[in-house]
Amino acid sequence: EAARGAGSGADHRFARQHGGLGLGLTIVSRYMGSIGGEIQVQTGLGKGTRITMRFPVEICQDCGTPDTVYSPGIRPGLTIGMCNAYISSPETSNFATQWLSLWGAKCVPVADTEIGSDEVRLDVLVVEVNSTTALGTPWHRITTPSLVICAANVVQEIPSSPTRYICRYPLTVSTLSDAIAALQTHAGESPDAEPTVDVRALVVDDLPLNVKVLKSHLSKLGVTNFSEAGNGQEAVAKVMQDGGYHLIVMDLMMPVMDGLEATREIRRLEKEGRVRVQSHIIGVTAERGRNKLKKMLEAGMDDALNKPVSRVALKKYVLRARSAGRSGSAREETVPHN
């Protein structure tokens, strides 16, 4: 049953202390079920855990070699630009091209003069740089979601961006797959898709990747004034320091102080008049069900979203936060399935 319960774990206190989403076994269990397989978990406190997985496969005696092998996390048909104009040796670029092509992507060479050109339509751009060329690369012209490959000592020379993924040498198949899978979610999006809105937002999550994704969503929805916190305690401190936020996107399971406790503290500060703005708080959770929603509403949250949070799901809350004030009452809505 633990394998079927998203967000569940042996002890929530452990999760609060060490972090974690509690999604691992759920994802594996659902995947095994989707292919007709099964997973069995045997565990005992102080004894360890044994996990048995059975796959419904047959050994093929003469299958030959397939022309295309699709990666589970990569959408086939992506157009990926390969730019190795900033290095002298193309081995890594050739390695990436080989695997991306096997995964069904269309890889096209891109010259440095073509970066940022409206004539070159790409879903993702792969750029390889070294310590000499990193400073001269026209990063301001790269608006396409990009994967940058470089040595560890070059990382600090590369400007950060919500749609830029940096991989250090050596590039591995799994790293390449993870990077493209993450970047493809931004493919086709315009950096200026939404007008700027006068909303101050706070993103609260203990996982840096989740914070990066949420900030990217908010930025594309026109929110330019936002802060971040790694746990509920930091969030409460930020609210007191800054006088409140129009919108708070709050994860539930975090170390030090969880999202529910942080929300209660923020509502107490608002009730006592110690902050200027009454925040619209959205709880983000991997769990589903009315019991969890009830706890979130009782803690003072206004709305709830399931992980992974999409930009489309966030949009209505950004617009709601922009309007004059909160309605003052939490609405008991079904947790949307994004």
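Me: How many residues lie between β1 and β2 in the hairpin that they form?

Reply: In this predicted model, strand β1 covers residues 38-44 and strand β2 covers residues 48-54, and the two run antiparallel, joined by seven bridges. One of the residues in the turn is Gly46, which has a positive phi of about 80 degrees. The number of residues between β1 and β2 in this hairpin is three.

Me: Which residue of β2 is the bridge partner of Glu38?

Reply: The strands β1 and β2 are antiparallel, and β1 is the stretch of residues 38-44, while β2 is the stretch of residues 48-54. The bridge partner of Glu38 in β2 is Arg54.

Me: Is Met53 buried, partly exposed or exposed?

Reply: Met53 is found in strand β2, and, leaving aside residues up to four places away in sequence, Met53 touches Val28, Met32, Glu38 and Ile39. Gly37 is 16 residues away from Met53 in sequence, and their C-alpha atoms are 7.5 Å apart in space. Buried means under 20% relative accessible area and exposed means over 50%, so with a relative accessibility of 38% Met53 counts as partly exposed.

Me: Which two strands stand at the edges of the open sheet of five strands?

Reply: The strands of this open sheet follow the order β4-β3-β5-β6-β7, and their pairing is parallel. A strand at the edge has a single partner strand, so one of its sides is left without a neighbour in the sheet. The two strands in that position are β4 (106-109) and β7 (164-168).

Me: What angle does the direction of helix α3 make with that of β3?

Reply: Within the sheet, β3 (residues 79-83) pairs with β5 (residues 124-128) in the parallel sense over four bridges, and Ile80 has Val124 as its bridge partner in β5. Helix α3, which spans residues 91-102, packs on this sheet and touches β3, β4, β5 and β6. The angle between the direction of helix α3 and that of β3 is about 170 degrees.

Me: Why can β6 be described as largely enclosed by the rest of the structure?

Reply: On one side of β6 are Ser146, Val148 and Cys150, on the other are Leu147 and Ile149, and all of these are buried, so that both faces are covered. As for its partners in the sheet, β6 is joined to β5 by four bridges and pairs with β7 over five bridges, in both cases in the parallel sense. The strand is largely enclosed because the number of its five residues that are buried is five.

Me: Which residue of β7 is the bridge partner of Cys150?

Reply: The strands β6 and β7 run in the parallel sense and pair over five bridges. For Cys150, the bridge partner in β7 is Arg168.

Me: How many disulfides does the structure hold?

Reply: A disulfide is a covalent bond between the sulfur atoms of two cysteines. Cys167 is in no disulfide, since the nearest cysteine sulfur, that of Cys150, is 8.7 Å away, whereas a disulfide needs two sulfur atoms within 2.5 Å. Cys167 is buried at 1% relative accessibility, and Cys83 is buried too, with a relative accessible area of 2%. For the structure as a whole, the number of disulfides is zero.

Me: Is the aromatic pair of Trp99 and Trp103 stacked, tilted or edge-to-face?

Reply: The structure has one aromatic pair, and the ring centres of Trp99 and Trp103 in it are 5.7 Å apart. Of these two residues, Trp99 is partly exposed at 27% relative accessibility, while Trp103 is buried, with a relative accessible area of 5%. Planes under 30 degrees apart count as stacked and planes over 60 as edge-to-face, and the angle here is 45 degrees, which makes the pair tilted.

Me: Which residues does Pro159 touch, not counting residues up to four places away in sequence?

Reply: Pro159 is found in the loop between β6 and β7, and at 36% relative accessibility Pro159 counts as partly exposed. Leu135 is 24 residues from Pro159 in sequence, and the two are 9.7 Å apart in space, C-alpha to C-alpha. The residues that Pro159 touches are Trp139 and Arg164.

Methods
Residues numbered from 1 in each chain as written. Predicted model: local features only at pLDDT ≥ 70, side-chain atom pairs only at ≥ 80, totals over all residues. Heavy atoms only, no water. Phe/Tyr/Trp six-rings, centres within 6.5 Å; stacked < 30°, edge-to-face > 60°. Buried < 20%, exposed > 50% of the residue type's maximum accessible area, 1.4 Å probe, protein only. Pairing = 2+ DSSP bridges. Contact = heavy atoms within 4.5 Å. Axes fitted to C-alpha atoms, helices over the stretch in contact; angles between N-to-C directions.
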